[in-house]
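Hi,

Here is the structure I promised to pass on. My notes follow below it.

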Amino acid sequence: MRNTFSEALYEAATANSDIYIVVADISPAGSMAKFSTQYPERFINVGVAEQSMIGICAGLALKGCQPFAYTIATFSLYRPFEMVRDDLCYQNLPVTVVGMGAGVIYSTLGGTHHTQEDIAIAGALPNMQIVAPCDPLECTEATRWCATQKNGPVYLRIGKAGEPVLTKDAEPWQFGKVRYLRRGSDICILTYGVITKMAMEIADRLQAQGKSVSVMSCHTMKPLDRAGITEALRNHRQVIVIEEHAPQGGLAAQTKQIAWDITAECRLDTFSLQDAFIHNYGSHDDLLAAHGLSPQRILQESGNG
Amino acid sequence: MPNTANTLQNSFDIRAAKERCLRFRKRILDISQQVSALHIGSAYSCTEIVDSIYHNFMRNPGSGPDTFLMSKGHGCMIQYVILEAMGVLSRADLDAYCTPGGRLGVHPDYGNPGIQAATGSLGHGLSMVVGMALAERTRKTGGIIYTVLSDGEVQEGSTWEATMMASSFGLSNIVAFVDNNDFQSLGRTSETHPSFYPLVEKYLAFGWEAVEVPGHDSAALFEAVMGRSGTKPLMVVARTTKGKGVSYMENVPMWHYRSPSKPEYEQAVRELEVAGQ
């Protein structure tokens, strides 16, 4: 995703001289080298100074520019939180805060590098919009949208590297609208972000059991597409939410809220990261499994084992 | 980047500056009689600095290439009364200060006329100034960004991040002032945090041009800005007095926020007028 983000941003910067990227000693790979060579005055490295990174983006936006702040998700949102809140959200400036490697992708770096609560935290901020693409193609669409929108601030939650393409044949991407990656009639899996890969694997297994399965990318986490989720809750006998995020304030909690509001009658199972700091190391999948997120457990716990 | 000295359009007139500053202080006193709380001491502390920025330094404020961002948002009452005098804010705006239906609060709010950023929280302004200065430089507008920091907010780590950034990026189009009244809520900074000083040396070490001047002396402020080399960001450390001009307010922390009673108000007006003559 980092590479497709860089490429999409490079293209946007070529088309629009007001596009800036402000990084905090972490640079996206791929086309970012082209970006920094061709537009050195619009590639700004603040060093290890994330508060200033956000403030500088605000200053650029106050002058009509369209900046992106970029670093590892914990450092782009948590460290400079008050700058995100006051400088970007309170002033409602079109700045994209890129949270790279969100969730527990940094699976060997420990809890300081895990981003488990970002949707809840960013989602609590007035004016903030949240987009969390599930694969490199969605990341391109989302980046292009961020580079042109003028609504206000965006938290763009992306993965790292090596995510498979999942949306090649999906319906067109649209900000604020859920997107079916496959359509069925029995079970619908709601998900977003990198863990969508696991959701697709679970969908394959359910289909192997003879069930008709939908998978929905809820890439826009704020504003959430309530109508789209309502439709999923109404049109399937079971809805399963899978997210790489704490149980509070993410897709699981919000889907339950919608289900209550509309008196949904389907079975609803939700799977999130634990509300805990875990001290495990290993692969990304190892960390997810340690949090209880594995295809086998989700199938079992959702009554499809 | 052009040297400020070569691009200033306003000429300096010390008598006019004194007359304006007296008028602005009295206007703030008037407003203090309408509300229970305002940062009167903080506004008096930077009256000459902010007046100088609008009247002696910025080229055609409001329509020219330069920008003023009030980083010490709690001093914005002085900005409000200057913007009122310029016709950017109306008398009705000031009369409705901090009341339902009014649009002006104790801290500057982005979106209000003449206000560049919401700086109620300290330590945010200088990074935004750096971003603005980068935008002006890339666009080759020649625009200079002026800002006023409180000495309290210079204690914020974020301010030092931005301090390092401005000089590392060679942003010679930043002219900043520290309103160094040596007071914060719980006491005198020189007593509570002596290592805060010296300031000029810190800015020099961070690659800025820096100079210390008496901050209620408009002529000294003028000289400091005119004399800059124009090759680095400039920090003017302005030695000021919190509550300047009213004896019972000067250096008394309570006047960070309190409004004077009627007799106190009358005494303040008398003192300001005597001092202004």
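**Sheet in chain A, then the interface**

In chain A, five strands make an open, mixed sheet, ordered β7-β9-β8-β11-β12 (strands are DSSP E runs of at least two residues, helices H or I runs of at least four, numbered from the N terminus; strands pair if DSSP finds at least two bridges between them). β7 (179–182) and β12 (267–271) of chain A are at the edges with a single partner strand each, so one side of each has no neighbour in the sheet. Neighbouring strands are turned by 25° against each other on average, direction ignored (axes are lines fitted to C-alpha atoms, for helices over the stretch in contact; angles run from 0 to 180 degrees between N-to-C directions).

β7(A) and β9 (213–217) of chain A run antiparallel, joined by three bridges. A:Arg182 has A:Val215 in β9(A) as its bridge partner.

The model is predicted: local features need pLDDT of at least 70, side-chain atom pairs pLDDT 80 or more, while totals for chains, interfaces and linings use all residues. Residues count from 1 along each chain as written, chains are lettered from A and ligands numbered from 1 in written order, and side-chain values use heavy atoms, without hydrogens and water.

Now the interface. 26 residues of chain B are in contact (heavy atoms within 4.5 Å) with 27 residues of chain A. B:His124, B:Arg139 and B:Glu161 supply 25% of the area that chain B buries against chain A, more than any other three residues (buried area: accessible area, 1.4 Å probe, lost when two parts are put together, summed over both).

There are two salt bridges between the chains (Lys or Arg side-chain nitrogen within 4 Å of an Asp or Glu carboxyl oxygen). A:Lys63 pairs with B:Glu136 in a salt bridge, with the closest N and O atoms 2.9 Å apart.

Best wishes
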